[in-house]
Amino acid sequence: MTGTSTAAPTISPALLYDDAKAAIDQLTEAFGFTQVALYESEDGTVLHAELGYGNGIVMVGSRGRGGVFDDAMAGAGPMGVYVVVEDTDAHHKRAVEHGVEIVMPPTDQEYGSRDYMARDLGGNVWSFGTYAPQGPQVAG
């Protein structure tokens, strides 16, 4: 994505992983996210991390550390997240080079987007493509 915004996103997916450090490595190295924040306990457990891409943020934490959110997410299945990218094929190539499981190779969609899907270490399905949903109109 070209350009960045400093406006805080109003929707941020929150994902828990058995090995949050490995997930952060995969998301930054294979998918090009940037680590924005990382909070760890004394024993190195990831309590909360924020990873940025364009003007979006995904929050990441360790599964099994207790607390209301961890308890509420117990037994929850994988999540699907869509990320807008400028060059689907280049992004896909990077993911493949890092050994990411590809669910669907780059494919032209009927609605004009070019997308691919990948599965991360936690089983979550990430879709990357050129379709940019139009956000809500904000009075300004």
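This is a predicted model: local features need pLDDT of at least 70, side-chain atom pairs count only at pLDDT 80 or more; totals for chains, interfaces and linings use all residues.
**Stop 1: helix α3**

Now colour residues 88-97, which make up α3. Which residues of this helix are buried? They are Thr88, His91, His92 and Ala95. Look down the helix axis and you will find these residues on the same side of α3, because the arc they cover is only 100°. Turn to the other side of α3 and select Lys93 and Glu97, both of which are exposed.

Next, zoom in on the start of the helix. Show the side chain of Asp87: one of its oxygens comes to within 3.2 Å of the backbone nitrogen of Asp89. Then slide along to the position just after α3, where Gly99 has a positive phi of about 75°.

**Stop 2**

Select β6 and β7. These strands are antiparallel and pair over 5 bridges. To get your bearings, pick Thr107 and look across to Asp115 in β7, which stands opposite. The hairpin has 5 residues between its strands, and Gly112 there takes a positive phi near 100°.

Is Ser127 buried or exposed? With a relative accessible area of 16%, Ser127 is buried, because buried means under 20%. Beyond its neighbours within four places in sequence, Ser127 is in contact with Val81, Tyr82, Val83, Tyr116 and Met117.

**Stop 3: the four-stranded sheet**

Hide what you have and show β1, β4, β3 and β2, in that order: together they form an open sheet of 4 strands with mixed pairing. At the edges are β1 and β2, each of which pairs on one side only. Neighbouring strands of the sheet are turned against each other by 20° on average, ignoring direction. Bring back α1, which packs on this sheet and touches β1, β2, β3 and β4. The direction of α1 makes about 5° with that of β3.

Walk through the strand pairs one by one. Strand β2 (residues 34-40) is antiparallel to β3, with 6 bridges between them. Here Ala37 has Glu50 in β3 as its bridge partner. The hairpin they form has 5 residues between the strands, and Gly44 in the turn has a positive phi of about 90°.

Moving on, β3 and β4 are also antiparallel, pairing over 5 bridges. Select Ala49 to see Val60 of β4 opposite, then Gly52, whose bridge partner in β4 is Ile57. Between β3 and β4 the hairpin has 2 residues, and Gly54 in the turn has a positive phi of about 60°.

**Stop 4: Ser41 in its loop**

Go back to the loop between β2 and β3 and pick Ser41. At 24% relative accessibility, Ser41 is partly exposed. Show its side chain along with that of Asp43: the two make a polar contact at 2.3 Å. For a sense of distance, draw a line from the C-alpha of Ser41 to that of Thr130; the two residues are 89 apart in sequence and 38 Å apart in space.

**Stop 5: the largest nonpolar core**

Finish inside. In soluble globular proteins, nonpolar side chains tend to be buried together. The largest nonpolar core here has 24 residues; which of them touch the most other members? Select Phe31, Phe33 and Trp126 to see them. Two or more residues of this core come from each of β1 (14-17), α1 (20-29), β3 (46-53), β4 (56-62), β5 (80-84), β7 (114-119) and β8 (125-129).

Setting aside residues up to four places away in sequence, Trp126 touches Leu15, Tyr17, Leu27, Phe31, Phe33, Val58, Val81, Val83, Tyr116, Met117, Ala118 and Asp120.

Key
Residues are numbered from 1 along each chain as its sequence is written. Side-chain values use heavy atoms; hydrogens and water are left out. A nonpolar core is a set of buried Ala, Val, Leu, Ile, Met, Phe, Trp, Tyr and Cys residues joined through side-chain atoms within 4.5 Å. Buried means under 20% relative accessible area, exposed over 50%, partly exposed in between (1.4 Å probe, protein chains only). Contact means heavy atoms within 4.5 Å. Two strands pair if DSSP finds at least two bridges between them. The arc is that of the directions from the helix axis to the C-beta atoms. A polar contact is a pair of N or O atoms within 3.5 Å; within protein, one must be able to donate a hydrogen and the other to accept it, and residues adjacent in sequence count only if both atoms are side-chain atoms. Axes are lines fitted to C-alpha atoms, for helices over the stretch in contact, and angles run from 0 to 180 degrees between N-to-C directions.
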